[in-house]
Amino acid sequence: MRTTTYFFIFLNLSLAVFEEPAVYPLPFLVTSLAEVLCLLVFFGRLTHFAKVTHRNVFWKDTKNICIMVAILLSLTDLAVYGILRIYSVRSVRWSRIVRPIFLINFAESRQIRRAFRSIRNTLPEITYVFLLFMFSLLMFSLMALKLFSERNLQTAEGLPYFRNYLEIVFDLYVLVTTANSPDVMMPAFDFSSWYALFFVAFVIVNTYIFMSLFLAVVYNNYKKHLKVMFGGVNCD
């Protein structure tokens, strides 16, 4: 039963790869039939669980309610999407975001729920580090706007360079991952090599210090909640 449930959960989640917009597109009829089959299996598993569980216990369990709501939402969205498709009206399958609910809330997914609960309990405690990181990013973006906006610099594509604050925030956010390094600083570097110091300081503060601090806080708090959940067992 557990293997069958996991198989159809995996199949349901993997449909996102084949549904429009898709990596490997399949006809709508194929994906819709596969989804209906998965939902029928989930409903059958839920019905089986209800048969062997006291009624009051079953209806007081929020996991069962979440699964039922997810099934109804998925069927409703599938029906509406199919009707709109008949009339050539373009729409979005918004029910995809509820599919992980099946992975988390079935009785077989106890370990996954424990990990998810630890992540959920960790999030409030890393908020302060995240806010400090965002404050640093916004301040560096403001400094970049003041430094480069009046220099009339242009990118290699001939676009204005660092003249819009929100675009600067996005570019520097990407720079935290070093995905756009060193391209993002080349227009400023070509104007004056001293401007490289700004980007070096940004990478040191945000990539090497804040990201390391962020990772340490996430790890320590996750480990702490995991120890509490397992009754003080060493989780190293």
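Is the crossing in which α1 passes α2 left-handed or right-handed?

Modeller: It is left-handed: that is how α1 passes α2. (A crossing is left-handed if the near helix is turned anticlockwise from the far one by less than a right angle, and right-handed if clockwise.) First, some ground rules. This is a predicted model, where local features need pLDDT of at least 70 and side-chain atom pairs count only at pLDDT 80 or more, while totals for chains, interfaces and linings use all residues. Residues are numbered from 1 along each chain as its sequence is written, and side-chain values use heavy atoms, with hydrogens and water left out.

Now the pair itself. Helix α1 covers residues 2-14. (Helices are DSSP runs of H or I with at least four residues, strands are runs of E with at least two, and both are numbered from the N terminus.) α1 and α2 pack at about 145°, and their axes are 9 Å apart. (Axes are lines fitted to C-alpha atoms, for helices over the stretch in contact, and angles run from 0 to 180 degrees between N-to-C directions.) From α1, the contact uses Thr-5, Phe-8, Ile-9, Leu-11 and Asn-12. From α2 come Glu-35, Leu-37, Cys-38, Val-41, Phe-42 and Arg-45. (Contact means heavy atoms within 4.5 Å.) By class, these residues are 7 nonpolar, 2 polar and 2 charged. (Ala, Val, Leu, Ile, Met, Phe, Trp, Tyr, Cys and Pro count as nonpolar, Asp, Glu, Lys and Arg as charged, and the others, Gly among them, as polar.)

Look at Thr-5. It belongs to helix α1. With 3% relative accessibility, Thr-5 is buried. (Buried is under 20% relative accessible area, exposed over 50%, partly exposed in between, with a 1.4 Å probe and protein chains only.) Set aside its neighbours within four places in sequence, and Thr-5 touches Phe-42, Arg-45, Phe-106 and Glu-108.

Cys-38 deserves a stop too. It is one of the α2 residues that meet α1. At 0% relative accessibility, Cys-38 is buried. Cys-66 is partly exposed, at 32%. The sulfurs of Cys-38 and Cys-66 lie 19 Å apart, too far for a bond. The structure holds 0 disulfides. (A disulfide is a pair of cysteine sulfur atoms within 2.5 Å.)

Follow α2 onward. Helix α2 (residues 28-51) also packs on helix α4 (residues 62-86), at about 160° with the axes 11 Å apart. That makes the two roughly antiparallel. (Angles under 35 degrees count as roughly parallel, over 145 as roughly antiparallel, 65 to 115 as roughly perpendicular and the rest as oblique.) This crossing is left-handed. The α2 side includes Phe-28, Phe-42, Phe-43 and Phe-49. The α4 side includes Ile-67, Met-68, Ile-71 and Leu-75. The contact of α2 with α4 has 13 nonpolar, 4 polar and 2 charged residues.

Another pair sits later in the sequence. The axes of helix α6 (residues 110-148) and helix α7 (residues 165-176) come within 9 Å and cross at roughly 125°. They are therefore oblique to each other. Their crossing is right-handed. On α6, the contact includes Phe-133, Leu-138, Ser-141 and Leu-142, and on α7 it includes Tyr-165, Ile-168 and Tyr-173. The contact of α6 with α7 counts 13 nonpolar, 1 polar and no charged residues. Leu-142, in helix α6, is partly exposed at 36%. From Leu-142 to Arg-96 is 46 residues in sequence and 38 Å in space, C-alpha to C-alpha.

Finally, the loops. Most residues other than glycine have a negative phi, and most peptide bonds are trans. Between α1 and α2, the loop holds Pro-21, and the peptide bond from Glu-20 to Pro-21 is cis, with omega near -5°. Between α6 and α7, the loop holds Phe-162. Phe-162 is not a glycine, yet its phi is positive, about 55°. It is buried, at 4%. Thr-178 lies in the loop between α7 and α8. It has a positive phi too, about 60°. Thr-178 is partly exposed, at 39%. Pro-182 is found in the loop between α7 and α8 (186-191), and the bond from Ser-181 to Pro-182 is cis, with omega near 5°.
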